[in-house]
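Please walk me through the side-chain contacts in this protein, starting with the charged pairs and then turning to the aromatic rings.

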Amino acid sequence: MCTDQKRFRQLMGRFVTGVTVIATRSNDQILAMTANAVTAVSLDPLLLLCCVRNESGMLPVLLSEKQFSVNVLAAGQDNVSRYYGGQRNGVSPARWTLHQGSAPVLAGANASFVCDLHTAQQVGDHTVVYGAVRKMEAAAQAFPALVYAAGRYHDIALAA
């Protein structure tokens with residue numbers, strides 16, 4: 001990695017982000033990855049985007065299945081983030097809710113958005129995947145949020 005890339009990554013680490021796990025299903029197998037490059041795009045229609053590394057084994061599956069979920073992690077789910085971020089030690093700590101014909105939804109997440117693939121565009125070393133939100137799930141009361149900054153996980157309370 002060149003000096004500018006290292007510096008860019010270091011300085012972007014000062015930007016506090018939420019932590020999500022993106023999931024899809026193929027042949028009754030759940031594929032998931034941790035992502036913090038997720039944002040709302042539009043209220044009409046409801047659209048969000050996430051960025052997936054072009055080298056990711058999940059990208060071609062996500063594009064072919066045309067359906068995925070974005071699960072906003074709550075405090076205490078950093079083990080789920082680490083597992084789907086590549087630190088796989090043993091069995092996944094995630095519990096998934098599966099509905100017929102739908103992307104998997106992470107149990108205990110602060111919020112989950114089930115999306116149909118709207119469009120995708122390769123930009124640099126990532127593909128920006130736009131999802132049309134067709135279903136939203138959340139607990140009645142928001143849990144404290146899991147956020148990531150400066151290479152570490154932090155928990156923050158959400159205002160009621």
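How many salt bridges does the count come to? The model is predicted, so local features need pLDDT of at least 70 and side-chain atom pairs count only at pLDDT 80 or more, while totals for chains, interfaces and linings use all residues. Residues are numbered from 1 along each chain as its sequence is written, and side-chain values use heavy atoms, with hydrogens and water left out.

The count comes to four salt bridges, a salt bridge being a side-chain nitrogen of Lys or Arg within 4 Å of a carboxyl oxygen of Asp or Glu. Side chains of opposite charge can pair when their charged atoms come close.

Strands here are DSSP runs of E with at least two residues, helices are runs of H or I with at least four, and both are numbered from the N terminus. Arg134 counts as partly exposed because its relative accessibility is 39%; Asp116, with a relative accessible area of 29%, is partly exposed. The cut-offs are under 20% relative accessible area for buried, over 50% for exposed, and partly exposed in between, with a 1.4 Å probe and protein chains only.

Another salt bridge pairs Lys135 with Glu137, whose closest N and O atoms are 3.1 Å apart. Lys135 is partly exposed at 30% relative accessibility, and Glu137 is partly exposed at 27%. Arg53 and Glu55 also form a salt bridge, with 3.3 Å between the closest N and O atoms. Here Arg53 is partly exposed, at 43%, whereas Glu55 is exposed, at 67%.

Now the rings. The count comes to three aromatic pairs; rings of Phe, Tyr and Trp (its six-membered ring) pair if their centres lie within 6.5 Å, and planes under 30 degrees apart count as stacked, over 60 as edge-to-face and the rest as tilted. Among them is the edge-to-face pair of Tyr83 and Tyr84, 4.9 Å centre to centre with 80 degrees between the planes. Both Tyr83 and Tyr84 are buried.

Why is the pair of Tyr84 and Trp96 edge-to-face? Because their planes stand at 70 degrees, with the ring centres 5.9 Å apart. That pair links distant parts of the chain, from Tyr84 in helix α3 (residues 78-84) to Trp96 in strand β7 (residues 96-97), twelve residues apart. Tyr84 is buried at 9% relative accessibility, and Trp96 is buried at 18%. Tyr83, Tyr84 and Trp96 form one aromatic cluster.
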